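I write down each item as I go.

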Amino acid sequence: MKRTAAAVSAAVLLLPLTACGGDAEAGGGSTVTVTVGYQSKTINTVTAGTLLRSLGYFEKQLDSLGDGVTYKVVWQDYATGAPITAQMTAGKIDIGSMGDFPLLINAARGEQLGRPTRLVSVTGYNLRGGLNTIVTAPGSRLTSLRDLKGKKVSTSVGSAADGTLVRALQRAGIDPEEDVEKLNQQPAVGASALAAGSADALSQFVAWPGLLAHQGKAKALYDGARLDLPTFHGVTAREDFAKERPAVLEAFLKAQARATDYLNDHPVTAAEKVAGITGLPAEVVYLYNGAHGIATFDPAIRPRLVSALKQDVSVLKSAKLTGDVDVDSFVDDRYVRRALGTTYAERLAATPPAAASEVWPKGSARTQTFESPAELLGHVSAHRATVRAAYVPDATTGTPWFADKAVWVADGKKLLPFVAPATAQDYVDGHDGASVVTYAEALERAS
């Protein structure tokens, strides 16, 4: 019997009450519904969500199983990881993707409710923590974390961005519970609060900080990469589903790997594709997911990421969001190792691409790289009418940012970009003769 995999979308309220991954007789064979929870606008999960769905790789991989089963894939889109976890622990989602802190909550809730989950692969990661950023309003006088004392800060409690906020404040000598008023808000609500002035700052995950900066609605206050602690997004699966349908889970992971290769091989096309689906500007998608973007994509579960996950537990415990989490039991790389075979070791050994300055010319499907930010500025100065976007890596952390939104420092003949003013000021304080200059001044110096 010829098998087909059908991709369908459905709202949560329209889902059947029966558990996913189940069988139903259909024309003498069986039908298995696989439900995938993802976050379309959390664009560092696109290889397990938005991009993967658009490419149809999972359905094609299921078609190739040859087991006489008809598979129906239901894609569920959410704004954050929390509702995905709720649906997984209710047995209504089989596979989900989310950030590192939500993954830990996913693990904890699964154990508490008798529906354990397992981390089975990684999507996008940044080894220094650059996926999360704290921003303020464009006209804000706040220039450093110390200025947040006594202020209102919007974040999504329990998210990776909340973890960055807590750690950053603690390092700055500020008590995140006593010295700031934390507003627990969804990203879109927090963005509105920042615009309305009811929040002084916003700590959020990709792609909100870059989006608001690109739109001129925010400016960076703190680059999460200054923590120098890995942040990542990953794929979690219900343990019972993984045991009952290992071939299906491995098909998903093979498809994810194909989507990852597609993104890495066609970064501009992938950014345009994701932008078209999500409504996000392609320039913002590329900032994070580009050839030298903030995120690196690979499904391999790196020991360094697992180690970071273990360190995250204490932050969630202190916020009373979880108790102890057995990270070693939660992480299960057996399925992705089998799915990727001999290539798994190669992926595990691969290193993120080096930071680079990039220009995306208008009407082009390729970007241009430059050896230095100053060289990029020289090009932009001479081709202003044809530049769609320009990206430069922070001189301290390596985090890419929009060239026209960066804080620029002139140090002799060097022109150095920084994501946030405090990082730039730290450089100036340590280098005699260095000074902060405007973007226009930087362009003039480079021309």
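**Basis**

I am working with a predicted model, in which local features need pLDDT of at least 70, side-chain atom pairs count only at pLDDT 80 or more, and totals for chains, interfaces and linings use all residues. Residues are numbered from 1 along each chain as its sequence is written, and side-chain values use heavy atoms, with hydrogens and water left out.

**Cavities**

I noted the terms before the search. On a 1 Å grid over the protein atoms alone, a cavity is a set of points where a 1.4 Å probe fits but cannot get out, and lining residues have an atom within 4 Å of a point. Grid points are joined across faces, edges and corners, and a volume is the space filled by probe spheres set on the points.

How many cavities of 30 Å³ or more does a search of the whole structure find? I found 2. The largest cavity holds about 70 Å³ of space. Its lining includes Asp100, Phe101, Asn132, Arg167, Leu227 and Asp312. The most comes from α5, with 4 residues.

I then sorted linings by class: Ala, Val, Leu, Ile, Met, Phe, Trp, Tyr, Cys and Pro count as nonpolar, Asp, Glu, Lys and Arg as charged, and the others, Gly among them, as polar. The lining of the largest cavity has 5 nonpolar, 4 polar and 3 charged residues.

For the second largest cavity I have a volume of about 30 Å³. Tyr286, Leu287, His292, Gly293, Glu358, Tyr391 and Pro400 line this second cavity.

**Largest pocket**

A pocket is an open set of points with protein on both sides within 12 Å along at least five of seven lines. I read a volume of about 410 Å³ for the largest pocket. Of its 21 lining residues, Thr80, Ala82, Val157, Gly158 and Ser159 lie nearest its centre. Both α3 (82-89) and α4 give two or more residues to the lining, and α4 has the largest share, 3 residues. By class I list 7 nonpolar, 13 polar and 1 charged.

**Cores**

A nonpolar core is a set of buried Ala, Val, Leu, Ile, Met, Phe, Trp, Tyr and Cys residues joined through side-chain atoms within 4.5 Å. Buried means under 20% relative accessible area, exposed over 50%, and partly exposed in between (1.4 Å probe, protein chains only).

Which residues have the most contacts inside the largest core? I list Ile43, Phe58, Leu249, Phe252 and Tyr288, in a core of 103 residues. Helix α9 (residues 246-265) gives the largest share of this core, 10 residues. Another core of 16 residues lies apart from it, with Val359, Val392, Ala406 and Ala442 among them.

I followed Ile43 to Asn289. Contact means heavy atoms within 4.5 Å. Leaving aside neighbours within four places in sequence, the contacts of Ile43 include Val206, Ala207, Tyr288 and Asn289. Asn289 sits in helix α11 (residues 282-289) and counts as buried because its relative accessibility is 3%. The Asn289 side chain reaches the backbone oxygen of Ile43 at 2.7 Å.

**Two helices**

In α16 (residues 373-382), I list Pro373, Leu376, Leu377, His379, Val380 and Ser381 as buried. Their cover includes β14 (357-361), β16 (387-393) and α18 (439-446).

In α17 (residues 421-429), the buried residues are Ala422, Thr423, Ala424, Tyr427 and Val428. Here the cover includes β18 (407-411), β19 (414-418) and β20 (435-437).

**Backbone angles**

Most residues other than glycine have a negative phi, and most peptide bonds are trans. I looked for exceptions. Val206 and Ala207 are joined by a cis peptide bond, with omega about 10°. Ala207 lies in the loop between β10 (201-205) and α7 (208-214).

Asp228, not a glycine, has a positive phi of about 55°. Asp228 counts as partly exposed because its relative accessibility is 39%.

Is Lys320 buried or exposed? Lys320 counts as exposed, at 75% relative accessibility. Its phi is positive, near 60°, and its place is the loop between α12 (303-318) and α13 (327-330).

Terms used:
A polar contact is a pair of N or O atoms within 3.5 Å; within protein, one must be able to donate a hydrogen and the other to accept it, and residues adjacent in sequence count only if both atoms are side-chain atoms.
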